[in-house]
Amino acid sequence: MKSSGGRYYEDFRVGQVFRHASPRTVTDGDVAFYRALTGSRFALQSSDDFARAVGHPVAPIDDFLVFNVVFAQSVPDVGLNAVANLGYAGCRFLSPVYPGETISAVTEVIGLRDTGGRTGVVYLRTTGHKEGGVEVIDFARWQTVRKTEEGVPPFSEQLVPPLPAAVPADALGSHLPVLDLSAWDSGLSGSRFRWGDYELGERIDHLDGILIDEGSTMLAARFFGNPARQHPLPFSDERSRGRWLVPGGLVMAIGRALSFNGLSNAVHVAALNAGRYVAPVFTGSTIHAWSTIVGKELIDGRDDLGALRVRLVGTRDQPAADFPDRDDAGAYLPSVVLDLDLWLLMPR
Amino acid sequence: MKSSGGRYYEDFRVGQVFRHASPRTVTDGDVAFYRALTGSRFALQSSDDFARAVGHPVAPIDDFLVFNVVFAQSVPDVGLNAVANLGYAGCRFLSPVYPGETISAVTEVIGLRDTGGRTGVVYLRTTGHKEGGVEVIDFARWQTVRKTEEGVPPFSEQLVPPLPAAVPADALGSHLPVLDLSAWDSGLSGSRFRWGDYELGERIDHLDGILIDEGSTMLAARFFGNPARQHPLPFSDERSRGRWLVPGGLVMAIGRALSFNGLSNAVHVAALNAGRYVAPVFTGSTIHAWSTIVGKELIDGRDDLGALRVRLVGTRDQPAADFPDRDDAGAYLPSVVLDLDLWLLMPR
Amino acid sequence: MKSSGGRYYEDFRVGQVFRHASPRTVTDGDVAFYRALTGSRFALQSSDDFARAVGHPVAPIDDFLVFNVVFAQSVPDVGLNAVANLGYAGCRFLSPVYPGETISAVTEVIGLRDTGGRTGVVYLRTTGHKEGGVEVIDFARWQTVRKTEEGVPPFSEQLVPPLPAAVPADALGSHLPVLDLSAWDSGLSGSRFRWGDYELGERIDHLDGILIDEGSTMLAARFFGNPARQHPLPFSDERSRGRWLVPGGLVMAIGRALSFNGLSNAVHVAALNAGRYVAPVFTGSTIHAWSTIVGKELIDGRDDLGALRVRLVGTRDQPAADFPDRDDAGAYLPSVVLDLDLWLLMPR
């Protein structure tokens with residue numbers, strides 16, 4: 001058979017490596033359309049002049065666009081029969097990507113867990129590269145994947161891989177050019193608050209909201225390159241009431257874009273320590289977001305940047321003024337859809 | 001507080017100056033998506049070859065894209081609590097912008113008028129720049145802005161600034177390269193009608209219509225960079241019937257794009273003497289447009305271009321064949337949504 | 001009258017030639033948005049690195065984007081009053097187009113047939129060019145065009161032109177750079193199957209589906225440059241049930257993009273021998289596609305590429321697993337919307 005409907009749980013083996021198809025040159029065109037999808041307004045990623053002044057050759061590509069491009073490249077090989085993404089771990093952004101550079105990706109199966117019934121859990125590590133084999137991102141994820149039929153015996157050894165709780169702060173941003181902070185214009189960046197101005201435990205309501213319509217959802221799925229099997233179809237879940245499922249990668253990118261209002265100077269995402277789509281988002285929902293500072297670290301050998309560990313929480317149809325989170329029993333409130341644990345880099 | 005919900009009426013003082021955040025390099029990607037939003041087909045802005053032949057280095061960015069980018073940059077500082085844009089005056093396009101150039105913007109408060117109750121009127125002048133501080137646009141606008149609560153005393157002096165009724169014709173287009181009219185190809189530009197062919201009082205039905213859907217509306221708001229507070233939310237006005245409010249800047253851009261059919265050679269907008277969103281436009285409406293020639297001027301020292309003063313009227317869900325306008329009492333007909341007074345430049 | 005509502009049947013004469021307005025420089029921005037519309041994932045068109053490795057200077061523009069740009073340029077002159085496109089014939093892709101090149105177009109009236117009543121059929125041949133007059137595409141089409149009123153006498157001679165049943169295989173791809181097959185990376189291209197692996201009569205279910213929403217439909221019509229008269233309006237046909245008509249060119253482009261899954265190495269469209277929109281597609285429909293191999297030819301003097309003649313069938317709201325086609329009486333099944341006869345070029 002020359003077309004592929006994707007692999008099922010029993011097709012995976014620990015140690016398998018997939019080189020993915022459809023490498024992609026990321027361009028100014030991608031930057032423009034990503035802005036239309038997310039409304040991102042970070043000066044470093046929006047202005048070549050700003051970027052050059054502080055030490056980049058031109059404006060770098062938004063980190064979550066790189067994430068989405070690499071993720072999508074992996075889907076035909078490992079994700080077509082995934083029911084749900086259960087989480088991300090140890091995601092590191094390893095090199096900036098600039099317009100005109102070409103991204104390709106590889107995924108290794110790092111774990112398998114048969115949960116009985118019609119699905120199993122597949123653990124994967126995906127790495128994105130640009131020219132010369134330079135790594136730009138790597139991340140682990142685990143996802144529920146369908147079996148061809150119920151009761152398929154576990155064809156493979158079982159292995160739940162160790163996953164890091166967080167990326168160590170000491171190596172964050174080692175790939176970034178040293179920024180010329182004397183050229184850092186707080187008027188243009190959108191905020192005078194730098195690394196030293198944030199306190200552990202501080203919470204920030206990002207205030208704005210972004211409504212996700214059907215058109216943006218369909219265009220985003222195709223734009224990222226995610227083959228059109230799950231997302232474009234009306235979600236059959238009764239919660240959807242005929243609306244469509246929004247790709248998780250778009251929700252994450254929108255959460256990041258919303259964080260501009262309060263974290264304007266957090267110009268690089270260095271790591272996604274952990275991330276989870278807590279609940280599905282359907283078209284017609286408005287996404288809000290809030291953050292809390294859960295860590296602060298200096299970085300060895302860097303006077304220009306400090307690292308902020310930020311928990312970024314996204315909600316649907318619920319402004320974030322009250323910082324919606326978990327209830328007393330530890331369960332997420334119904335409005336919470338996104339929970340990210342990020343290392344952000346910010347000028348000192 | 002590190003995030004900003006924007007300024008209220010009582011936060012403004014005459015003479016305040018805001019340098020806006022989020023400078024933006026305008027690219028071929030922006031040109032492509034702007035075309036998708038508006039359907040603009042002017043040859044000078046669409047074809048590098050056409051532009052080079054007549055004297056530009058490459059195709060310039062559409063004037064109303066420049067307008068929307070600059071306008072959006074001002075919103076976080078001066079527009080988040082605006083209820084309505086009441087009008088524009090004295091908008092001049094001062095230099096062409098080409099792909100790769102970076103636009104930033106500054107706004108000065110030029111007037112304040114307390115209207116009692118929960119809102120006041122703020123008068124603003126916004127200027128956009130590119131590299132070297134070259135001005136590309138400036139315009140005045142006034143808008144109704146919320147107070148934090150009713151009855152807030154007027155914290156500032158009152159001043160209704162003088163605003164020009166029109167931009168003088170003599171300096172229009174002084175920044176433009178002299179066009180080589182021998183290379184002006186009327187087949188490619190879409191019309192044989194030049195400046196001399198239009199008569200005072202002449203009316204033109206632009207015939208076409210553009211339906212504004214929800215996806216285009218949401219994408220446009222984010223693409224222009226307008227923080228997502230008012231536009232993405234269903235408009236609570238009873239007139240909206242659950243539909244969403246279309247950003248005025250998109251309606252204006254579409255009106256301009258529609259004017260191609262009848263004004264194909266009006267390749268530069270030199271000034272917006274005055275402009276008004278007469279009524280809100282909701283998603284699902286089809287925009288039509290008509291124009292009337294209200295002025296014709298030669299420009300000192302320019303043999304290549306003449307200036308046409310054009311009133312461009314946009315309607316919703318009403319073709320423009322009957323030139324919908326005001327009723328006998330001077331009130332706009334319900335279908336009228338846009339009323340622009342423009343200086344357009346056209347080859348002689 | 002300075003604006004144009006387009007020509008009616010009686011305005012056409014055999015031999016008329018129209019040089020179209022609005023030449024367009026195709027850019028990286030167009031490539032990005034075309035991807036958002038179609039989800040196309042062919043490596044050669046997505047990656048500059050892949051393209052350079054095999055012999056192109058950079059990634060070429062997708063052939064069906066070129067088709068849509070050229071088609072749209074012709075509409076203001078010959079298509080504003082078309083009721084339906086009846087078919088395409090003899091469409092040849094004559095030269096690759098790269099970002100930064102400018103496309104213009106010319107159409108000749110090659111036939112007329114008065115069918116009585118309110119419409120007639122107009123036969124057209126459209127040719128697209130880039131710099132230096134290099135032809136990039138030409139194709140014939142015929143369409144039903146309205147008369148100004150019923151019973152208008154046939155103003156012109158009648159002529160049903162001869163149209164080729166297929167483009168001869170011997171000259172296909174003569175304009176393409178010779179590909180360096182040693183650099184052809186089957187991992188990146190998405191398939192190990194090359195020209196020699198496909199058999200006459202083989203059928204391929206392309207498996208994926210693409211849902212066409214309202215936003216994508218409106219944006220596509222404006223993006224391609226098709227003046228907004230028919231497509232943005234809700235289709236008055238009772239079959240539409242309030243939904244909007246999807247431009248045929250978008251359906252064709254999506255069909256091609258879907259064919260990636262099964263024909264990943266079919267990197268160039270050399271010809272559209274014949275093509276037909278079998279039934280209208282309305283927003284909210286999901287497009288699926290299947291192909292069958294109807295011809296295989298070697299190409300004189302080319303060791304790198306072979307030609308596959310492929311019939312590509314698109315369906316709406318009906319997966320292609322059963323290869324929906326015609327019924328026993330020869331009539332298309334209701335789910336069939338697209339029937340294309342293509343010459344595709346594939347590495348040997």
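Biologist: In which helix of chain C does Asp63(C) lie?

Modeller: This is a predicted model. Take the helix of chain C that spans residues 63-78. Asp63(C) lies in that helix, H4.

Biologist: Is Asp63(C) buried or exposed?

Modeller: The cut-off for buried is under 20% relative accessible area. Asp63(C) has 11% relative accessibility, so Asp63(C) counts as buried.

Biologist: Leaving aside neighbours within four places in sequence, which residues is Asp63(C) in contact with?

Modeller: Set aside the neighbours within four places in sequence. The contacts of Asp63(C) are then Phe93(C), Val267(C), His268(C) and Val269(C).

Biologist: How many Å apart in space are Asp63(C) and His175(C)?

Modeller: In sequence, 112 residues separate Asp63(C) from His175(C). In space, C-alpha to C-alpha, the two are apart by 14 Å.

Biologist: Turn to chain B. Why does Phe71(B) count as buried?

Modeller: Phe71(B) is found in helix H4 (residues 63-78) of chain B. Buried means under 20% relative accessible area. Phe71(B) counts as buried because its relative accessibility is 11%.

Biologist: How far apart in space are Phe71(B) and Asn226(B)?

Modeller: The two are 155 residues apart in sequence. Yet Phe71(B) is in contact with Asn226(B), and also with Asn85(B), Tyr88(B), Phe139(B) and Arg141(B). From C-alpha to C-alpha, Phe71(B) and Asn226(B) are apart by 8.2 Å.

Biologist: Now the chains together. What relation do chain B and chain C have?

Modeller: A rotation of 120° superposes chain B on chain C, with an RMSD of 0.0 Å. The shift along the axis is 0.0 Å. That is therefore the relation of a three-fold axis.

Biologist: Which residue of chain B comes closest to the rotation axis?

Modeller: The distance is taken at the C-alpha, and the closest one is at 2.1 Å. That residue is Gly29(B).

Biologist: Do the copies meet through the same or different surfaces?

Modeller: The contact takes 39 residues from chain B and 34 residues from chain C. Only 10% of the interface residues of chain B are also interface residues in chain C. The copies therefore meet through surfaces that are different.

Biologist: What area is buried between chain B and chain C?

Modeller: Carbon and sulfur atoms give 58% of that area. The total is about 2,900 Å².

Biologist: Which residue of chain C meets Asp185(B) in a salt bridge?

Modeller: The count between chain B and chain C is three salt bridges. One of them joins the side chain of Asp185(B) to chain C, at 2.8 Å, N to O. The partner is Arg19(C).

Biologist: Which element gives the largest share of the side of chain B that touches chain C?

Modeller: Several elements give two or more residues to this side, including helix H1 (28-38), helix H3 (48-54) and helix H6 (214-224) of chain B. The largest share is eight residues, and it comes from H1(B).

Biologist: Which element gives the largest share of the side of chain A that touches chain C?

Modeller: Strand E2 (24-25), helix H1 (28-38), strand E4 (102-114) and helix H6 (214-224) of chain A each give two or more residues. The largest share is six residues, from H6(A).

Methods
Residues numbered from 1 in each chain as written. Chains lettered and ligands numbered in written order. Predicted model: local features only at pLDDT ≥ 70, side-chain atom pairs only at ≥ 80, totals over all residues. Heavy atoms only, no water. Contact = heavy atoms within 4.5 Å. Buried area = accessible area lost by both parts, 1.4 Å probe. Salt bridge = Lys/Arg side-chain N within 4 Å of Asp/Glu carboxyl O. Helix = DSSP H or I, 4+ residues; strand = E, 2+ residues; numbered from the N terminus. Buried < 20%, exposed > 50% of the residue type's maximum accessible area, 1.4 Å probe, protein only. Least-squares fit on C-alpha atoms with pLDDT ≥ 70 in both.
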